[in-house]
Amino acid sequence: MSILVESPTTRLLVDTSPDMRAQLLAADAANLDAVLWTHDHADHCHGLDDLRQVYHYRGTPVPAYARAETLGALRQRFGYAFEGRGGYPPIVEDHALPDRLTIGDIDIHCVDQPHGDILSTGFRFTHGGRTIGYATDFHELTPAMLTLFDRLDIWVVDALRAKPHPTHAHLALALEGIAAARPNRAILTHMDNSMDYATLRRTLPEGVEPGYDGMVVELSDGEGAS
């Protein structure tokens, strides 16, 4: 699971999924200004080694941000990428993720989300007065989440399946959050194979739609997410 967030001058990647290389090639995204990790589960980070080619393009390590617990887990698993090893240089430069930061011309607000027995990170991106929220891998909607994701232009939100799940939002919970947060447009993500695309297109409320691999969404003044 990855999402690319771009303005005319800044490109951010959220998570380094196992198929990240193919996704970046399809998006013609040779360079990144930064990587943000939501958490350290394999489907969100095990493409990290492919940042090596981004490092070669940039000529410098890729700035990478995550909460302290996530960085600790990633350093254990991919220490060579952070520290270099055997003559190979480090390919990422890690930074502790605060609740708010600005990278290039994109403002980022962060919130911790319950995800089983760990926390994932949700993001609100703002550029030119337009907003995109990204909330994946959570099983409970907290007041802080609903505050951060209130009245977005676009909200990309976790909806694993119809039945409740111990670590992910199910469809009813996602729709409950969407009704409370009132985005202009909501896109469901992280769906398993029980979530049929055509059925969802027919049955979801107005303003809510299922996402799909390679989906590109653009806001009117040019910033977008893919």
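Author: Axes here are lines fitted to C-alpha atoms, for helices over the stretch in contact (heavy atoms within 4.5 Å), and angles run from 0 to 180 degrees between N-to-C directions. This is a predicted model, in which local features need pLDDT of at least 70 and side-chain atom pairs count only at pLDDT 80 or more, while totals for chains, interfaces and linings use all residues. Residues are numbered from 1 along each chain as its sequence is written, and side-chain values use heavy atoms, with hydrogens and water left out.

Reader: At what angle to β10 does helix α7 run?
Author: Helices (H or I, at least four residues) and strands (E, at least two) are DSSP runs numbered from the N terminus. Helix α7, residues 171-181, lies across β10 (154-158), β11 and β12. Its direction relative to β10 is about 155 degrees.

Reader: What is the average twist from one strand to the next in the open sheet of seven strands?
Author: The seven strands follow the order β6-β7-β8-β9-β10-β11-β12 with mixed pairing, where two strands pair if DSSP finds at least two bridges between them. The edges are β6 (100-103) and β12 (208-210), each of which pairs on one side only. From one strand to the next, the twist averages 25 degrees.

Reader: Which residue of β12 stands opposite Ala186?
Author: Strands of a sheet pair through backbone hydrogen bonds, either parallel or antiparallel. Strand β11 (residues 185-189) joins β12 in the parallel sense, over three bridges. Opposite Ala186, the β12 residue is Val208.

Reader: Which elements do the buried residues of α4 pack against?
Author: In α4 (residues 68-77), Thr70, Leu71, Ala73 and Leu74 are buried. Seen down the axis, these residues fall within an arc of 165 degrees, so they line one face of the helix. Ala68, Glu69 and Gln76 are exposed on the other side. Packing from the buried residues of α4 is against α2 (42-45), β4, α5 and β5.

Reader: Is Met215 buried or exposed?
Author: Met215 lies in the loop between β12 and β13 (217-218), and its C-alpha is 25 Å from that of His165, which is 50 residues away in sequence. Because its relative accessibility is 10%, Met215 counts as buried.

Reader: What radius of gyration does the protein have?
Author: The C-alpha atoms fill a box of roughly 55 × 40 × 30 Å along the principal axes, and 52% of the 226 residues are buried. A compact globule with 226 residues would have a radius near 17 Å, by the rule of 2.2 Å times the number of residues to the power 0.38, taken over C-alpha atoms. The protein agrees with that expectation, at 17 Å.

Terms used: Buried means under 20% relative accessible area, exposed over 50%, partly exposed in between (1.4 Å probe, protein chains only). The arc is that of the directions from the helix axis to the C-beta atoms.
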